[in-house]
Structure formats: C-alpha cells, structure tokens
Amino acid sequence: MGYAGTKFKTELLSHTPPHDDRIKELSAWCLTFCKSGLAPTYEGGSYGNLSFRTKSGDEAFIITAAKSGLGESNTEDRFVQVWNIDLEKRIVYASGIRNPSSESMLHYSIYKARRDIQAIFHGHCKQISLQAPLIGIPETHKEEPYGTTNLIEQVMKILGDNKIVEMKNHGFLSLGKTMEEAGLLALHCQRACKEHNIILSSLLELRYRCPHWLYEKTSLVLQQAHLFQKHPLHPPLPEEASSFRANQQEPQPPRCQDLL
Ligand SMILES: [Zn+2]
C-alpha cells in the first residue's frame, strides 16, 4: 500500500512541539516496533503510527508525525499534539512542527468510543495479517484505503471491547490501558501468529505424507488449532521499554478474552 500523505487538513494552533515526559516511552515503543518488524519502512518513513491519550477523559492525544521514520532518533519534533478533530470537515487541530499521522482521525474516533483506552498502536505485520482470522483476531470485513472515513467505519463495526483488531489487507491496531499493554499485545500476537503458521505448515505437509487414519487426526488438530492462543508464550519486555514499567513484576500473559 503506497503512502500519499494525509487526507485531512491540519490547523496548527502553535508551532511548538509537545512537551510530555511520556513521549520518551512512546519513542521507545516506536523503536521496538521498527526493530520487531511491526513498522516496516518505505522511502522517507515507516508504516504505522503510535499515540497515547494525554489526559484521561479527554480526546486529546500525542501521536507520531506523518511520514516519520519510527526507527530514527525520535526527538519531540517527531510527535504532534492533537487537540480536537472535526470529523465531518476533516480538520485536525494540533500543535507541533509537523503534520500529525495520516491515521489521526482513526485514533481520535477510537479514543472517543473507548474511554478505557489510553494508548493506540498501529503497525503492519504480514504474520498477523495472514493468521489473524485463524486465531480469532477480529478483522474488518472490507479493505478500505488508509486515512478514510470508510476505514474508520469498518473498524468501528468490529471494535466492540476488543483490544486488538486487524484491518483487512492493511495492518493491526493494538489498544491498551497503558502503552506497555498495547505494545506487548502487538508483540505477543506477532509471536503467536508466527508460531501458529509454523504449526499449520508442518501439519499440512504431514497430511500429504501420512496414512489415512493420521490424515483424519491432523484434520482434527487443524480444526482445534485456535486453542494454541490459549497457551501462548509471553514475549519478554523489550529492553528499551522496560525502564518505563511502573512495577518490576513479571508480565502476565494476556488472558484469552483480553486478546479478542
Ligand atoms: Zn497503516
């Protein structure tokens, strides 16, 4: 999917970059997304955008700038404070040096609909895109171009209380009460999808080499492969994000219902 800039008008209320201690943590997650292959690069930027809500109960948020390389040195000028959005007129009111991410309207709509969510991370991951429907991650019914109202509508149709959803032929959205929750959920799903793919590929290959009774057995296993997600291995907290953990307890694997 090619990137052709933002599809809304930005009104910059001030040209001052946002100052917020939490930008360091957001920046660390941008780096982790890049290193983990969750935000692949294109010429001049990275696919994906990450944000956190600046004040509980308010729709304002800080988000990565449009066309920014998430793996580059993420100084404050790479982030934009979005104050409000007129969805009908497609005007984003913001402060910063650059334009906010092209998916700012989508982030805004989710923050508006989900008061429990404080961080929204969007990435592009082949493994998740391929395996999402197989391991029970909700997926939008129809592909829509990035940054459009149609895409927002498709996401809203399936969002419900889910914390991770896949946008058909596009990428995923992971949500959390904290940035750590949103980030770990994305890493967890990437890992689960990779391992699920290996298991399915091995079983499919085996099916063509085995006697009839074993063929039947593997069919059963394939049908029940979704059970894999109930016993996932939890990925370690990335080094660059670990210093932001509020307490030093070991992370608990997300419960199955948290993933859906
Ligand atoms: Zn995208």
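α2 lies across the strands β4, β5, β6, β7, β8 and β10 (171-176), and its direction makes about 70° with that of β6. Residues are numbered from 1 along each chain as its sequence is written. The model is predicted: local features need pLDDT of at least 70, side-chain atom pairs count only at pLDDT 80 or more, and totals for chains, interfaces and linings use all residues. Helices (H or I, at least four residues) and strands (E, at least two) are DSSP runs, numbered from the N terminus. Axes are lines fitted to C-alpha atoms, for helices over the stretch in contact, and angles run from 0 to 180 degrees between N-to-C directions.

The strands under α2 belong to an open sheet of eight strands with mixed pairing, in the order β1-β7-β6-β5-β4-β8-β10-β9. Two strands pair if DSSP finds at least two bridges between them. At the edges are β1 (9-14) and β9 (164-167), each pairing on one side only. On average, neighbouring strands are turned by 25° against each other, direction ignored. Within the sheet, β6 (residues 79-86) and β7 (residues 91-95) run antiparallel and are joined by five bridges; I85 has V92 of β7 as its bridge partner.

Helix α2 (residues 104-113) also packs with helix α4 (residues 149-159), at an angle of about 30° and with the axes 10 Å apart. The two helices are therefore roughly parallel (under 35 degrees; over 145 is roughly antiparallel, 65 to 115 roughly perpendicular and the rest oblique). On the α2 side the contact is made by M105, L106, S109, I110 and A113, and on the α4 side by L151, I152, V155, M156 and L159. Residues are in contact if their C-beta atoms, placed from the backbone, lie within 7 Å. Nine of these residues are nonpolar, one is polar and none is charged (Ala, Val, Leu, Ile, Met, Phe, Trp, Tyr, Cys and Pro are nonpolar, Asp, Glu, Lys and Arg charged, and the others, Gly among them, polar).

As to confidence, the chain has a mean pLDDT (the predictor's confidence in each residue, from 0 to 100) of 84, and 76% of its residues reach 70 or more.

Conventions
Contact = placed C-beta atoms within 7 Å.
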